[in-house]
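Q: I am new to this structure, and I would like to learn how to read its features one at a time. Could we go through them together?

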Amino acid sequence: MTREHEDLLGLLAEVRKRLLIPVRDISDADAAKRTTVSELTLGGLIRHLATGERMWLQVLKSTDGALPDGMLDTAQYSMSETLAHWLSAYAAAAAETDAYVRSLPSLDVSVQLPTTPWSPPEPQFWSARRIVLHLIHETAQHAGHADVIRESLDGANSTAQLA
């Protein structure tokens, strides 16, 4: 594993940790509660990111542009199951992603992206590096959403809970 692998996976671990702060000590009922005009909930965000990491790992492993089952399913933004279930699924997905990325000799591996309704007509390719950067971006964006949702729920502030 290279220094670049370590740096990117370290940053991904850091944003994952920040994402999990807003879901500390909340009930399933609170995890499923909308607190803003958005449809997003804390449990839905964890489900989405658990599902999303698994799907991006499939894209990374397949390299052939196959669309993973459920990748376009918007139900992944709502909480089903329990929060504990989705936290466990997220931890497992993160561990699998990290292990696979660590196993890559280079992050220059080229991967064909799945075709989606918003894709350009010609095939698109990203490096493994770009996929990891996308996971960092996606996780950080949703960590911000989670912080706002939690603060709207009960006033808890993630910045004050960094430990």
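This is a predicted model: local features need pLDDT of at least 70, side-chain atom pairs count only at pLDDT 80 or more; totals for chains, interfaces and linings use all residues.

Q: How many salt bridges does a search of the whole structure find?

A: A salt bridge pairs a side-chain nitrogen of Lys or Arg with a carboxyl oxygen of Asp or Glu within 4 Å. In this structure, a search of the whole model finds 9 salt bridges. One of them joins glutamate 4 and arginine 129, whose closest N and O atoms are 2.5 Å apart. Because glutamate 4 belongs to helix α1 (residues 3–20) and arginine 129 to helix α5, this pair ties together parts that lie 125 residues apart in sequence.

Q: Which residues are linked with Glu4 in a network of salt bridges?

A: Asp108 and Arg129 are linked with Glu4 in such a network.

Q: Are arginine 16 and glutamate 53 buried or exposed?

A: A residue counts as buried when its relative accessible area is under 20%, and as partly exposed between that value and 50%. Arginine 16 and glutamate 53 are both buried, and they form a salt bridge with their closest N and O atoms 3.0 Å apart. That pair links distant parts of the chain, with arginine 16 in helix α1 and glutamate 53 in helix α3, 37 residues apart. By contrast, glutamate 4 is partly exposed at 31% relative accessibility, and arginine 129 is partly exposed at 22%.

Q: What separates aspartate 154 and arginine 150 in helix α5?

A: These two residues are separated by about one helical turn, because they are 4 residues apart in helix α5. Arginine 150 counts as buried, at 7% relative accessibility, whereas aspartate 154 is partly exposed, with a relative accessible area of 43%.

Q: Which residues are closest to the centre of the largest pocket?

A: The largest pocket holds about 590 Å³ of space. Of the 29 residues that line this pocket, Trp56, Met71, Thr116, Trp118 and His134 are the closest to its centre. The elements giving two or more residues to the lining are α3 (42–62) and α5 (128–154), and α3 gives the most, with 6 residues. By class, the lining has 14 nonpolar, 11 polar and 4 charged residues.

Q: Which residues form a nonpolar patch on the surface?

A: Leu67, Leu72 and Trp118 form this patch, with about 330 Å² of accessible area together. Leucine 67 is found in the loop between α3 and α4 (83–103), and leucine 67 is partly exposed, with a relative accessible area of 36%.

Methods
Residues are numbered from 1 along each chain as its sequence is written. Side-chain values use heavy atoms; hydrogens and water are left out. On a 1 Å grid over the protein atoms alone, a cavity is a set of points where a 1.4 Å probe fits but cannot get out, and a pocket is an open set with protein on both sides within 12 Å along at least five of seven lines; lining residues have an atom within 4 Å of a point. Grid points are joined across faces, edges and corners, and a volume is the space filled by probe spheres set on the points. Ala, Val, Leu, Ile, Met, Phe, Trp, Tyr, Cys and Pro count as nonpolar, Asp, Glu, Lys and Arg as charged, and the others, Gly among them, as polar. Patches are made of residues with over 30% relative accessible area and no salt bridge: like charges are joined within 9 Å, nonpolar side chains (Val, Leu, Ile, Met, Phe, Trp, Tyr) within 5 Å. Accessible areas come from the Shrake-Rupley method with a 1.4 Å probe; for residues, only the protein chains shown count as cover. Buried means under 20% relative accessible area, exposed over 50%, partly exposed in between (1.4 Å probe, protein chains only).
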